[in-house]
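Please open the model in your viewer and keep the selection panel at hand.

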Amino acid sequence: MPDLSIDVVAKAAGVHRSTVSRAFSRPEAVKSETREHILRVAEGLGYTMSPLAQALRRKTSTIIPLIVPDITNPFFAELAKTMTQAADERGYQLMLCVTNGDPAKTDGYFTAMQAMYAPFGIVAPSTKVDTEALKRFAFGHKVVVIDRVEGDTSVPTVTVDSRRGIMLALEHLHGLGHTQIGYVSGIAGTHTAQDRMDAYLELTAQSGSTPIVLDSGSDLDAGTRGAEHFLDMDNPPTAIIAANDMVAFAVISALGSRGVRVPEDVSVVGFDGLALGSRFNPALTTVRQPIADMGHIAIELAEKQNLDGSVDHIVLEPELLVRASTSGPRK
């Protein structure tokens with residue numbers, strides 16, 4: 001059998017190649033009986049229209065890039081899963097783009113967006129968004145960012161109220177009787193990370209306590225380093241807030257390997273609400289971000305901006321999930 005192409009299908013169906021093209025790309029422009037005939041012939045031959053070819057011809061596509069820094073972090077994996085469903089519901093195809101924290105790769109994905117005529121893209125950064133890159137590629141009006149964008153309100157954003165989340169964690173621990181509460185960052189470099197750190201420092205000071213930052217590093221090893229700092233202290237905190245669930249898992253594991261029990265010896269609270277948290281041992285008390293809502297809303301904001309040029313900034317409310325990793329301080 002010759003290589004499959006529009007010409008092969010057209011010859012087998014007895015129609016012009018342009019009719020085959022319209023049957024796939026503009027079905028409303030072809031009589032229903034003709035289109036059904038073409039589709040039956042194409043199916044029999046095993047032919048499908050290339051989405052990329054359609055994009056090049058029509059100068060538009062249904063492909064949406066989701067640019068993330070890392071897929072080993074379950075937060076981004078869960079975000080990609082929920083956004084895939086949201087994209088499918090609206091007739092889009094999600095393309096996952098992983099940068100591994102390399103700004104040059106982000107630029108490369110922006111170039112690919114242009115080549116594929118992507119209607120818009122979603123950026124979930126691990127570092128501050130390079131607004132110059134958005135302007136350089138003329139994507140300021142075609143990108144939604146899941147985080148804040150410093151000094152540029154022209155880019156739609158979806159964020160979670162980090163200050164409220166830290167407040168919920170502190171209120172929960174204070175209610176259990178904790179007065180010395182430590183903090184481990186682990187996600188330095190983003191606006192979200194800075195918001196959480198600032199909120200912890202401010203709210204702890206307001207309560208009359210002294211802030212105890214066990215580690216403010218920018219990697220997941222911050223959890224282990226924070227646990228080591230805790231173990232070296234003469235008067236360690238009775239509870240620890242971790243800036244994200246992955247750091248909280250690392251803190252608990254590192255403490256457990258040294259014989260420190262959670263929550264009997266120290267309570268630990270995470271921030272994300274990952275599904276893994278409910279299956280961890282002990283099950284993690286955490287501040288849940290509405291990850292599914294973030295993905296759906298990001299696509300809605302992009303569509304709205306494409307439709308009428310509006311730029312919205314949505315701030316979502318977090319929720320505290322109380323599980324087994326927190327209890328009152330040891331007497």
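Begin by selecting helix 5 (residues 74–89) and helix 12 (residues 291–308), whose axes come within 8 Å and cross at roughly 45 degrees. That angle makes helix 5 oblique to helix 12, since angles under 35 degrees count as roughly parallel, over 145 as roughly antiparallel, 65 to 115 as roughly perpendicular and the rest as oblique. The model is a predicted one, in which local features need pLDDT of at least 70 and side-chain atom pairs count only at pLDDT 80 or more, while totals for chains, interfaces and linings use all residues. Residues are numbered from 1 along each chain as its sequence is written, and side-chain values use heavy atoms, with hydrogens and water left out.

Helices (H or I, at least four residues) and strands (E, at least two) are DSSP runs numbered from the N terminus. Axes are lines fitted to C-alpha atoms, for helices over the stretch in contact, and angles run from 0 to 180 degrees between N-to-C directions.

The crossing of helix 5 and helix 12 is right-handed; a crossing has this hand if the near helix is turned clockwise from the far one by less than a right angle, and is left-handed if anticlockwise. To display the contact (heavy atoms within 4.5 Å), select Phe75, Glu78, Leu79, Thr82, Met83, Ala86, Ala87 and Glu89 on helix 5, with Ile291, Ala292, Met294, Gly295, His296 and Ile299 on helix 12. These residues comprise nine nonpolar, three polar and two charged. In this scheme Ala, Val, Leu, Ile, Met, Phe, Trp, Tyr, Cys and Pro count as nonpolar, Asp, Glu, Lys and Arg as charged, and the others, Gly among them, as polar.

Next, select helix 1 (residues 6–13) and helix 3 (residues 32–45), which pack at an angle of about 120 degrees with their axes 9 Å apart. Helix 1 and helix 3 are therefore oblique to each other, and their crossing is right-handed. Val8, Val9, Ala12 and Ala13 of helix 1 meet His37, Ile38, Val41, Ala42 and Leu45 of helix 3. This contact has eight nonpolar residues, one polar and no charged.

Move on to helix 8 (residues 162–176) and helix 9 (residues 191–206), packed at about 45 degrees with axes 8 Å apart. This angle makes helix 8 oblique to helix 9, and here too the crossing is right-handed. From helix 8 the contact takes in Ser162, Arg163, Ile166, Met167 and Leu170, and from helix 9 its residues include Asp195, Arg196, Tyr200 and Glu202. The classes in this contact are six nonpolar, four polar and four charged.

Two peptide bonds complete the tour. What is the geometry of the bond from Val262 to Pro263? That bond is cis, with omega near 10 degrees, and Pro263 lies in the loop between helix 11 (245–257) and strand 9 (267–272). The bond from Asn281 to Pro282 is also cis, with omega near 0 degrees; Pro282 is in the loop between strand 9 and strand 10 (285–288). Most peptide bonds are trans.
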